[in-house]
Each structure stands twice: as C-alpha cells, then as structure tokens.
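Reader: Could you walk me through how this fold is put together? I would like to begin with the sheet and then turn to the helices.

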Amino acid sequence: MKRNNWMSFASIGTVAVSLLILGMFLIVVLNLNKMAASLESQVQISVYLQDDLKQKDIDRIEGKIKDFQGIETITYIDKDKALERFKDRLGDQKFLLTALGDTNPLPNAFEVTVQRPDFVKTLSESISQIEGVESAKFGQDVVEHLFDLTRMVRLFGLGIMLVLAGATVFIISNTIRLTVFARRKEIAIMKYVGATDWFIRWPFLLEGMVLGFFGGAIATIILRSSYSAVTARVYDTLTFLPLIPEYPFLNYISLAILVSGTFIGALGSTISLKRFLKV
Amino acid sequence: MIHMHNVSKIYENGAVALQNVDIDIEKGEFVFIVGASGAGKSTFVKMLLREVLPTQGSLVVNGRNVLEMAATEVPYLRRGLGVIFQDYRLLTEKTVYENIAFAMQVIEAPRREMQKCVNNVLDVVGLKDKYKCFPSQLSGGEQQRVAIARAIVNHPQIVIADEPTGNLDPDTSWGIMDIFTRINKAGTTIVMATHDKTIVDTMHKRVVAIEDGRIARDEMEGAYGYED
C-alpha cells in the first residue's frame, strides 16, 4: 500500500467528494421532509358557525367536534376577535373596513387542528354535517397541492440518492481498479503459486474499506461544519424555516456516511478484483 | 502424475489449439515439449495449471481431476505445481529473499519454516550470497534462478517450465538445465516446453513433439527433430 500513496490519495479524494454530495442530498431531503411535515401539521379546519346561535349551541357544537377521533386542538374565535385579526392582517389598508361602519360581517368560528394531515378531508366533511355549522373549510386545493409536493420531494430525493450511491460505487470501483491494476503482476504470481482467492482478496477489501472510511470521514467533517454554519445563519435571518437541529441529527448523518463509505469501498474493491482473479 | 486422454481445446474464436491429445507422464520423468510457435505448447502448459480448461477429454494432474474440480480447489492443485516462465515474472520491488518467501507467505506456510526453506532453495540455485539483491541488480540467468527457487520452495511434485531458457545465452542456459537436472534427480517430475535444439539433443530425455495441436512424436531419449 505504501508504494501507491498518490493513488490512495486520489481515491480518498474521489470518495470524499462523492459522499459529500450524497450527504448534502441526504441533509437537504431530510430537511425538506421536515419542512413539509411541519407545513402539513399546520393545516387546520376553519369551522364557520351560523349567525344566530346561543352560547349553549356553541358549546354543544364544540363538544361534538371534540368527540371526533383525530382532533388535536380546538379554539373558539368569536366574530369580534375575527374582525380584530382581519384588521391586523390588512395592516396599512385597514381603513378599507371603515366602509362597514359598525356591522361585523364575519361569523363566529372554531379553528381545529388535527393529529394527522390526511385526516383533514374526512373530518371537515363530518364537521360540516353538525347542526348549526354553516361550513367547514380547510383550503382544499392548497392542502392537496402540498401533499403532492411533499410526496414528490420524498420520491425524488430517494431516487437521486439511489443514483448517487450507484455512481459512488462505480467511481470507487474504478479508482480501486487502478490500485489493483498496479499490482496485477503480484496477483498473477499469487494465483500461480496457489494462493486462495480470499487470501488475495482481503488486503484489497481492507484497502477499499479504509479508503471508503477515510473518504467518508473527510466528507463528514466538511458536512458537519458547513451544516453548523448554515443553521446558524438560517436561525439568524430566516427564523421561520424549521431546520432540523444539529444534534443528534449530525451524528446520525456522520454514522450513515461512514458506514456507507466503508461498505461502498468494500463493494467497489470486490467488483474491481473480480476480473483480476480469473487467472 | 499427469494423465491426459483425448484432450482437445478449441478457443471461443474457433482456433483449435489441441486435438485428441493422449499422454501419460509418470513421477520422476523429465519431459521436453517441443514444437513450432503456435503449435499448442503454451495451451498444453496452461492446461496443466488449469489456466485454460479442455473443451473435451479427461485430465488428471497430481491425482486431481482438472475438469471436475471446483474453482476453490484450483489453488490446491497449483500448490503441487511449480511454474517457471520465460520472462521470470519476479516482483521488482522485492529482494531475492522476499520474492522466494512470498511464495510461502501466500499459501500461509508456517513462519518458522520460511527462513530454513528459503535458504535451502537459495543453496540449490546457488544464490546464497545474493539474497539481499533486487531483481534489477541481477543478470538474466540469476533472475531465472530466483524464479526456479520460488517455484520449488513449496516442494511441488511437478515443475512446469515454459521456455525457461528462451531469454538466456547458451552458457547461462546450461547452468539452468543443471539445476533442473538436480531437481529431477531428487524425484520431482519436470515438464519443460522449449525451442532450444542443443539442450534437447544433448540431454537425451523424453521428447514430446506437438504439431498443429496433435502429438506428432513421443520418444524416450528423443531429439529435437526440427531444424532451427
């Protein structure tokens, strides 16, 4: 191994770059996943009530909604509070509301959040059947688009990572082929004097694993420090973005990269040795 | 030792290398395989090592059936064979001692035997004082002697040599043949493919001539039989 220093460095570098890209994708996909999940969890049902209900009707409706399975929280927003919020949202343009005079066109309402996003549709249908409920809305189009989007992110991310893993095996098997090729004479002599395939294979296997491990280690170091820097920056400026916290997330990522680096190294050297063992 | 019956080898491109070859070589024999280039000598040698498989026929080497053997048994077949090539095939970055010991290491021979065995074979080939040299510091004849030492260090029953004197001048070649004679006298079977008319004619050993993939002659105490 000592006579192939240059090639070993080249291999480690290639492995490091491949695993770095792989790791970056893993982190991005997992974060997108988390963002999608947090968006999904924010989906809520607005339950608008008929105008002339008494307090006991409102309590009855609240009780009925609470009885449904899968309800997370329920908050009552009376029409005055709703108008207040509407004014806040309008900001500088709240003068538009002066046209209304003293009337308040907004209904009393409940805001309902659910335990799982895919409950939203059926629950809102059931709630709209309750007597005294005018309508139950959840921004159907938006939610369904969101579901499509998150599903696509997951599938696409998985696909990209599989392709990258395959490409990494290919790159490593090619770089290890260089080392094997440099020692083909040695391998041929070993075969002629009666060395078993496993005796010939294991040093190369070990070398592949070591290269994969060191490449993975470099990729891990770069990923850890850059993720820390990115999260620090994001927390300062884009506070609403729900990034996955560094710990223990980064430890799992590091472990995954080191293990897959070692495994990919072993796989790569096995593939590249196959041809040279046929003597 | 070697029993070849009705063996043919046809390569995938349709080239016929050997046809219906029958030959028996017994323990302790010294056999020259002669013939023009491309006559099938190399295929014959490679078959003994199971580097190529016969297309048909039966081949038993050292009591092992070469055709029916599993791939995992091949190393054990080869441990009973010492092989020597025209181009020596030494590892240039290892010393003489390391090159020979390498053959013992790769079959995981006991470490304490190694030094004794390597010194013994260095004595046999007359290179005791050059054990620290690298192949590039040796003459062609000396390199071939290292190759012979490596081939015999694991005590094979058969030594297979493919044109071992092909790159050497006549004097040096005789030195090599002298070593083969001594190894043979100690009971090792020797199969040597060669082009060297003088050597074959002088040694009066068994000569098997291969022409166009067939055995044309098989004579005890034979001669080369071709013009150079």
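Predicted model: local features only at pLDDT ≥ 70, side-chain atom pairs only at ≥ 80, totals over all residues.

Reader: Thanks! In what order do the strands of the open sheet lie?

Author: The open sheet is built from four strands of chain A, with antiparallel pairing. Its edge strands, each pairing on one side only, are β2 (71-77) and β4 (133-137) of chain A. Read across, the order is β2-β3-β1-β4.

Reader: By what angle are neighbouring strands of this sheet turned against each other on average?

Author: Direction is ignored for this value.

Reader: Which residue in β3(A) is the bridge partner of Y48(A)?

Author: Strand β1 (residues 44-49) and strand β3 (residues 109-114), both of chain A, pair in the antiparallel sense over five bridges. In β3(A), Y48(A) has as its bridge partner A109(A).

Reader: Which helix lies across β1, β2, β3 and β4 of chain A?

Author: The helix in question runs at about 165° to β2(A). It spans residues 55-67 of chain A and is α2.

Reader: Are α7(A) and α8(A) roughly parallel or roughly antiparallel to each other?

Author: Helix α7 (residues 197-237) and helix α8 (residues 246-276) of chain A have axes that come within 7 Å and cross at roughly 150°. Angles over 145 degrees count as roughly antiparallel. The two helices α7(A) and α8(A) are therefore roughly antiparallel.

Reader: How many residues of the contact of α7(A) with α8(A) are nonpolar?

Author: The crossing of these two helices is right-handed. Their contact includes 14 polar and four charged residues, and the nonpolar ones number 16.

Terms used: Residues numbered from 1 in each chain as written. Chains lettered and ligands numbered in written order. Pairing = 2+ DSSP bridges. Axes fitted to C-alpha atoms, helices over the stretch in contact; angles between N-to-C directions. Contact = placed C-beta atoms within 7 Å. Parallel < 35°, antiparallel > 145°, perpendicular 65-115°, else oblique. Left-handed = near helix turned anticlockwise from the far one by under 90°. Nonpolar A, V, L, I, M, F, W, Y, C, P; charged D, E, K, R; others polar.
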